[in-house]
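This briefing describes a protein structure for a reader who is new to structural analysis. Please keep the sequence and the structure in view while reading.

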Amino acid sequence: MSLRILYAGSPEPSAAVLDHLLSIQKEKGFEIVGVLTNPPSAQKRHKTLIPTAVAAIAEKNGIKVFTPVHLDSECRVQISEIKADLLVCFDYGHIFGPKFLAMFPLGGINLHPSLLPKYRGCTPVPAAILAGDKETGISLQTLALKTDEGDLLAQEKILLSGKETTESMMACDGIVVTKGKLMLEKALSEIVAAKTCNGYSLPHLTPQTGDASYTPFISKDDGKIDWNKSANEIERMIRAYTPWPNCHTVSNNVVLKILEAHVVEDSDEGAKAGTVLGFDKSDGIHIKTGSGVLSVTKLQWQAKNAVDYKSFMNGARNFVGSVLG
């Protein structure tokens, strides 16, 4: 009998991992017998409810989908009927209580995009980019009652070039998903291979060691640019907060998103932070910061489409010389 798995997740990156596991499950000796995901929601202008990306993949493959608002007793009764041996989680977004985890003989395992115990919590990828780290990684851990404190099954390092965005790292073809699905494949294969007459068991587990740090929720206000910060700090913010909440400032009482930028040498030490110094047709729009100059190459007025810096300047009278705030 195959290893029976309940998969928990919601957004597109998690759906990409699920899709991979479904493509190899027969070969590897396990079976996804159910999916736990967020309830359908109205998105943008849609009035009808849209299922999560994970739900869409599951329904396409004829897998039972659970979409509870709360992981309560009613939900536990329904899920217990599929008799899953193991809970596998990637980007579900809810905390599992002791009664829920107790339903699975092997407990649960979770993909987390950081080198635990560093960057526990819900925003590890933005945190690594904001800090200017040279490396981050992915941890495959057991699900514990406290956030991201489970033992480790595996870890993979990811070197950072300083060009990554949260969006590029978490994309369906990004490095987190690419490495993460292979880590899960290897771990599940090892669990299946180690089966004995007494049943399945998890492979060797390693307790987390080192100093722990925790990442906070990100709000829309976190994207507000303080031009007194250094150009390097602001550039990292722009990459960390892509695609959400995006970095923004105000120009003539209108919100302006700053979507792409890079740091250039300081060319006007005397200007006030936030001053638009000039427009370089080969480089971007230069803006003074608390330390250094930021060259902006992609922008978006509120309620308008995003444009490159050349297109932006075609319709931005008196922008050079203004002070953003």
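Two rings of Phe, Tyr or Trp (the six-membered ring in the case of Trp) are a pair if their centres lie within 6.5 Å; planes under 30 degrees apart make the pair stacked, planes over 60 degrees apart make it edge-to-face, and the rest are tilted. By this rule, the count is six aromatic pairs. The model is a predicted one, in which local features need pLDDT of at least 70 and side-chain atom pairs count only at pLDDT 80 or more, while totals for chains, interfaces and linings use all residues. Residues are numbered from 1 along each chain as its sequence is written, and side-chain values use heavy atoms, with hydrogens and water left out.

**Aromatic rings**

- Tyr92 and Phe96 are a stacked pair, because their ring centres are 5.6 Å apart and their planes are at 15 degrees.
- Phe96 also pairs with Phe100, and this pair is stacked as well, with 5.3 Å from centre to centre and 20 degrees between the planes.
- Tyr92, Phe96, Phe100 and Phe104 form one aromatic cluster.
- Phe96, at 5% relative accessibility, is buried, and Phe100 is buried at 2%.

**Salt bridges between parts of the chain**

- Side chains of opposite charge can pair when their charged atoms come close.
- A salt bridge is defined here as a side-chain nitrogen of Lys or Arg within 4 Å of a carboxyl oxygen of Asp or Glu.
- A search of the whole structure finds eight salt bridges.
- One of them joins Lys118 and Asp133, whose closest N and O atoms are 3.5 Å apart.
- Lys118 lies in the loop between β5 (108–112) and β6 (120–121), and Asp133 lies in the loop between α5 and β7, so the pair ties together parts that are 15 residues apart in sequence.
- The helices (H or I, at least four residues) and strands (E, at least two) named here are DSSP runs, numbered from the N terminus.
- Lys118 is partly exposed at 37% relative accessible area, whereas Asp133 is buried at 17%.
- Glu149 and Arg120 form a salt bridge in which the closest N and O atoms are 3.7 Å apart.
- This pair links distant parts of the chain, 29 residues apart: Glu149 is in the loop between β7 and β8 (152–159), and Arg120 is in strand β6.
- Glu149 is partly exposed at 34% relative accessibility, while Arg120 is buried at 9%.

**Salt bridges in a helix and in a network**

- Lys186 and Glu190 meet through their side chains in a salt bridge, at 2.6 Å from N to O.
- Both residues belong to helix α7 (residues 175–193); because they are four residues apart there, about one helical turn separates them.
- Lys186 is exposed at 54% relative accessibility, and Glu190 is partly exposed at 33%.

**The cavity**

- Rolling a probe the size of a water molecule over the atoms shows where empty space is left.
- On a 1 Å grid over the protein atoms alone, a cavity is a set of points where a 1.4 Å probe fits but cannot get out, and its lining residues have an atom within 4 Å of a point.
- Grid points are joined across faces, edges and corners, and the volume is the space filled by probe spheres set on the points.
- The count comes to one cavity of 30 Å³ or more, and the largest cavity has a volume of about 40 Å³.
- Pro113, Val125, Ala128, Thr136, Gly137, Ile158, Met169 and Val176 line the largest cavity.
- α5 (124–130) and β7 (135–142) each supply at least two residues of this lining.

**Two further residues**

- Ser139 is found in strand β7 and is buried, at 0% relative accessibility.
- His70 is found in the loop between β3 (65–66) and α3 (73–80), and at 57% relative accessibility His70 is exposed.
- From C-alpha to C-alpha, His70 and Asp151 are 26 Å apart in space, and they are 81 residues apart in sequence.

Note on methods:
1 Å grid on protein atoms, 1.4 Å probe; cavity = no way out; pocket = protein on both sides within 12 Å on 5 of 7 lines; lining within 4 Å. Buried < 20%, exposed > 50% of the residue type's maximum accessible area, 1.4 Å probe, protein only.
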